[in-house]
Amino acid sequence: MRVLGILVLLVSIAEAVSVCQRSKVVRSFNVRRNASSPTTPLQVGNGNFAFGADVTGLQTFQPYGTLSTWGWHNFSLPTTANQTSVDDFTGLQWWTHGRLVPYAQPNPAQSDISTWLIQNPQRINLGNIGFTFGQPNVTESDLQQKAQVLDMWTGRISSSFIYNGSTVGVETWAAPDSDTVAIAIESDLLKSGLGLFLDFPYPDHNKFNAPFVGVWDAADQHSTVLERTSSNSATITHTLGQTTYVVTLSWEGDGAISGPAKGTHRYFFTATTNKLHFTASFAPTSQPEPASFGGIVQASRDWWRSYWSSGAFIDLSAVKSANATELQRRIIVSQYLLAVNSASSNPPQESGLVNNGWYGKFHLEMNLWNSLPFARWGRFPLLWRSLPNMYSRFLPSSFERAHAQGYSGARWGKMTDPTGRSAPGEINSLLIWQQPHPMYFAEMIYRSYPNSTTLSQWDDILTATADFMASYAFFNTSTGVYDLGPPMYPVSENTPPNATINPTFELAYWRFGLDVAIRWKTRQNLPVPEQWTTVRDHLAPLPVVDGTYAVYEGIPNMWTDSKTTNDHPAMAGIFGLLPPPSSGPALDDKALRKTADKIRQLWPLEESYGWDFSMLAMNALRLGDAEQAVAYLLHPIFAFDDAGYPVGGSRVPTPYFPNAASLLLATAMMAGGWDGDEGKHFPPGWVVDVEGFVPAL
């Protein structure tokens, strides 16, 4: 017993040291600012709710977003004859292997309802909270000694500044279990003019709302109602058409709330002491008063400590290299930002809960990048917030989509809203690489949880997915193989859809997906549909041009025309993101290496964006070149700002979270390896401590 007690003590000490080291590493990259950024806030949040702050710790000078999973709005439907209902939309038909197939694409004869379906619903900014100074026209430049720190270990933003000779200190927190922001303010100015405002914007029709969401000059289009519920609480009910939600406000001590100011939806709060604890809780319906300020603070401390103390970890602090330090910064801050912005009950949008891209909708092809890191880094409870439930919820609409097109099974959409409805669009309706994603998720989860629960949770989803994939593949009687397309768009989204057939990545991913579906049935001792095996074993071969894998079969001028070496170089994904095939023809090692060389030499990476660099890094890792992998992850175009937000560039706004998520997938491969080559894969000479990783597929 004495020996056992000593062993337990030693294990406890080891765990404590590990947590201590994790804390040291995380906090060494706490974000510090002394001015507001024009493009990105600092955030507190919980994955389903986030509050973006400027340098004051609130939204005083920069109206950053307060966004949620549930906050959506629809504009009124068109009044044009025969375009007044969603059911009026018919889309367009494309010839597909000798038959006309309907696709959800904007129809020029139905432009009004087509546009409405693209733009609606849109995610809304739930409201802004900022300082008032007792006099008009105060700007950020009127504040002195501004300082701000985001402590990622506790989820706290600490801000301070001097105004009119007096110091103002601010703490900003978010509840981990409700859509609540908690604010502490300490200043003598609270008794002499310093107060708060709460303002409520209206949505607009813009595809991208960055850096700010909503407009404040349409007060007559929506309504707010203030109700004082006690001496220390009030509610504001905000109605925008058919959307209504409630903000529950509470505070400690004496306070007065008034408003709105004429012609606005701006309310004002003032306190009478030099310390204020204030909470604002946002919900679709009236809720009980949220936890106290102190309760939220403690819950946030506990949640974030648990988050950082559990799951996988990479410690690069022993590597004396600027590249290692920057890579570590990106790894740490990306984990914080994904927990705040992407750990949602729905797939996250590409800009998370910072601002809106594509009206705030999420793209199902991006969900692999955005959500898979929670599995790869051992944080499955965050993944389980949305999966497999999201796919189960979207099954009915996906069955309908496939059936309307004459296919079996379920065809997953692309640019999607919380109901599972996919927005009209040529690329939206013709893209196919999101279809095997459920197989990737399921197989990754099964790797850590190989039990009957996992098998049964995913069986209906994988069956419906595989049924569509087998049905979609077209048997070419001339070649004796099953083709993918046309019409279709591959990953790169820039090829002629009627000429695009058998793209390399999609063929490899189709085989992978059907392999997983077949194994899934075998693990349960269930029969495997014959068509799944037939299609898998007779898929068209991967197209090869001049000893390299091509974008698609028959592509003209591969490697000699800039039009073919542009956008996402998805061919790299067949040996990186994807494992080598477990059935059928093996990949050609010489072709893989020559393709990687060609991409590095000829692809205009300065015009690339997003997860291209992480995908190329994963390819470089499998090919044995960890130094090239790091070079891709630190490429100048693959940029992360001072607060760790992945920069979007000219094609998409900042932030673009698939960058951060894909970086975590690539570094997880560095730390844990993959089947057949397990273990660490960092550049020579790097001494790296890792823990908690399982090999990639």
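Where is the place of Pro 121? Pro 121 sits in the loop that links helix H2 (111-119) to strand S8 (122-123). Helices (H or I, at least four residues) and strands (E, at least two) are DSSP runs, numbered from the N terminus. The views below come from a predicted model, in which local features need pLDDT of at least 70 and side-chain atom pairs count only at pLDDT 80 or more, while totals for chains, interfaces and linings use all residues. Residues are numbered from 1 along each chain as its sequence is written, and side-chain values use heavy atoms, with hydrogens and water left out.

View 1. Pro 388 belongs to the loop between helix H6 (380-383) and helix H7 (389-404).

**View 2. Positive phi at Asn 164 and Tyr 359.** Asn 164 is not a glycine, yet its phi is positive, about 50°. This residue is placed in the loop between strand S11 (156-163) and strand S12 (166-174). Asn 164 has 56% relative accessibility and therefore counts as exposed; under 20% relative accessible area means buried, over 50% exposed, and values in between partly exposed (1.4 Å probe, protein chains only). Tyr 359, likewise a residue other than glycine, has a positive phi near 65°. The loop between strand S23 (356-357) and strand S24 (362-363) holds Tyr 359, which is buried with a relative accessible area of 8%.

**View 3. The antiparallel sheet S2-S3-S4.** Three strands make up this open sheet, arranged in the order S2-S3-S4 with antiparallel pairing; two strands pair if DSSP finds at least two bridges between them. Strand S2 (42-45) and S4 each have a single partner strand and stand at the edges, so one side of each lacks a neighbour in the sheet. From one strand to the next, the twist averages 20°. S2 and S3 run antiparallel and are joined by four bridges, and Val 44 stands opposite Phe 51 in S3. Helix H4 (residues 322-341) lies across S2 and S3 and runs at about 55° to S2. Axes are lines fitted to C-alpha atoms, for helices over the stretch in contact, and angles run from 0 to 180 degrees between N-to-C directions.

**View 4. Surroundings of Gln 62.** Gln 62 is found in the loop between strand S3 (49-53) and strand S4 (66-68). With 18% relative accessibility, Gln 62 counts as buried. Apart from neighbours within four places in sequence, Gln 62 is in contact (heavy atoms within 4.5 Å) with Ser 36, Ser 37, Pro 38, Asp 54 and Phe 212. The C-alpha atoms of Gln 62 and Phe 474 are separated by 53 Å, the two residues being 412 apart along the chain.

View 5. Tyr 391 counts as buried at 1% relative accessibility. Neighbours within four places in sequence aside, Tyr 391 is in contact with Asn 367, Trp 412, His 437, Pro 438, Phe 441, Trp 458 and Ile 461. Asp 460 lies 69 residues from Tyr 391 along the chain, and their C-alpha atoms are separated by 9.7 Å.

**View 6. Helix H11 and the residue Asn 525.** Helix H11 (residues 504-523) has 20 residues and reaches 29 Å from its first C-alpha to its last, close to the expected 28 Å. The expected span is 1.5 Å times one less than the number of residues in the helix. Because 17 of the 20 residues of H11 are buried, the helix is largely enclosed by the rest of the structure. Just after H11, Asn 525 adopts a positive phi of about 55°.

**View 7. Packing of helices H14 and H15.** Helix H14 (residues 612-622) packs with helix H15 (residues 626-633) at an angle of about 175°, their axes being 8 Å apart. H14 is therefore roughly antiparallel to H15; angles under 35 degrees count as roughly parallel, over 145 as roughly antiparallel, 65 to 115 as roughly perpendicular and the rest as oblique. From H14, Phe 613, Ser 614, Leu 616, Ala 617, Ala 620 and Leu 621 meet Ala 626, Gln 628, Ala 629, Tyr 632 and Leu 633 in H15.
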